[in-house]
Amino acid sequence: MLIKFFGGKGGGGAIANYLVDPERAGREGNPPEVLRGDIQQTRELIDSQDRKWTFTTGVISFAPTDAPSAADQAKVMDDFERLAFAGLERDQYDITWVRHSHTGEGRVELHFLVPRMELSTGKALNIAPPGWEKSYAPLRDAWNYEKGWARPDDPDRARSQQFSFENADRQDAWRSQVISKTAS
């Protein structure tokens, strides 16, 4: 299992639609399922803000071999919320959970969408500040070790080759800089 965050700017419509749209390619016969929360309410809370960063979204992704039970998934979501919203009561934050299990390998993904606001005051709420990995890694590791789930830091799972999404011109420019620095 791994935990990943993505920042969010702008309105909530595009991300909310992405999370729940059953017509997206690859979701045939296995549509997304809202497990907790109200996607429409979450979208409206995101849209109500006039900040640059209006939401946080992310995923708790399981390897196909993990095969977490529904009870395990619920407990993972509970633990995530306890950490992400530590010190807040349930009526002070909003979160919607959407399960995707449409992946080709049968991998379960628990997507979350959170308006970046504390509800009682309207103040900004960032559940993934810089360095968030240090806070969430112990949660991830505890579950992975307890259940024997795949760990992203397991050397046996490491890829021998890293894939790059850089365009060729940028890669060539970078290589030229590296070569000229090492030659001098």
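**Notebook: a look through a predicted model**

I started at S61, whose side chain makes a polar contact with the side chain of R107 at 3.4 Å. For me a polar contact is a pair of N or O atoms within 3.5 Å; within protein, one must be able to donate a hydrogen and the other to accept it, and residues adjacent in sequence count only if both atoms are side-chain atoms.

A note on ground rules before going on. This is a predicted model, where local features need pLDDT of at least 70 and side-chain atom pairs count only at pLDDT 80 or more, while totals for chains, interfaces and linings use all residues. Residues are numbered from 1 along each chain as its sequence is written, and side-chain values use heavy atoms, with hydrogens and water left out.

I placed S61 in strand β3. Helices (H or I, at least four residues) and strands (E, at least two) are DSSP runs, numbered from the N terminus. S61 has 11% relative accessibility and so counts as buried; buried means under 20% relative accessible area, exposed over 50%, partly exposed in between (1.4 Å probe, protein chains only). I then listed what S61 touches, setting aside residues up to four places away in sequence: M1, L2, R107, V108 and E109. Contact here means heavy atoms within 4.5 Å.

**Entry: M1**

M1 turned up in that list, so I followed M1 next. M1 lies in the segment before β1 and, at 3% relative accessibility, counts as buried. Leaving aside neighbours within four places in sequence, M1 is in contact with residues including I60, S61, F62, L139, W143 and W149. I also checked the C-alpha atoms of M1 and K147: they are 146 residues apart along the chain and separated by 9.9 Å.

**Entry: the whole chain**

I stepped back to count elements and found 5 helices and 5 strands. From the N terminus on, they run β-α-β-α-β-α-β-β-α-α. Of the 184 residues, 39% count as buried. Among contacts between residues at least 6 apart in sequence, 74% join residues at least 24 apart.

**Entry: the aromatic rings**

How many aromatic pairs does a search of the whole structure find? It finds 12. Rings of Phe, Tyr and Trp (its six-membered ring) pair if their centres lie within 6.5 Å; planes under 30 degrees apart count as stacked, over 60 as edge-to-face and the rest as tilted.

I looked at F80 and Y136: their ring centres are 5.5 Å apart and their planes at 35 degrees, so the pair is tilted. F80 sits in helix α3 (residues 70-84) and Y136 in helix α4 (residues 132-147), so the pair ties together parts that are 56 residues apart in sequence. F80 is buried at 0% relative accessibility, and Y136 is buried at 3% relative accessible area. For W143 and W149, I noted centres 5.7 Å apart and planes at 10 degrees, so this pair is stacked. W143 and W149 are both buried.

One aromatic cluster is formed by F5, F80, W97, F112, W132 and Y136. I also found a charge over a ring: the charged end of R27 sits over Y18, 4.9 Å from the ring centre. The test is NZ of Lys or CZ of Arg within 6 Å of the ring centre and within 35 degrees of the ring normal.

**Entry: the nonpolar cores**

A nonpolar core is a set of buried Ala, Val, Leu, Ile, Met, Phe, Trp, Tyr and Cys residues joined through side-chain atoms within 4.5 Å. The largest has 25 residues, and F5, I60, F80 and I127 touch the most other members. The elements giving two or more residues to this core are β1 (2-9), α3, β5 and α4. I127, not counting residues up to four places away in sequence, touches F5, T56, F80, A84, F85, V114 and Y136. Apart from this core lies another, of 8 residues, among them I15, A16, L19 and I39.

**Entry: helix α2**

Which residues of helix α2 (residues 39-47) are buried? I listed I39, T42, L45 and I46. What covers them includes α1 (13-20), β3 (53-61), β4 (96-100) and β5 (109-115). At the start of α2, a side-chain oxygen of D38 reaches to within 3.0 Å of the backbone nitrogen of Q40.

**Entry: A67**

My last stop was A67, in the loop between β3 and α3. A67 is not a glycine, yet has a positive phi of about 45 degrees. Most residues other than glycine have a negative phi. A67 counts as exposed, at 60% relative accessibility.
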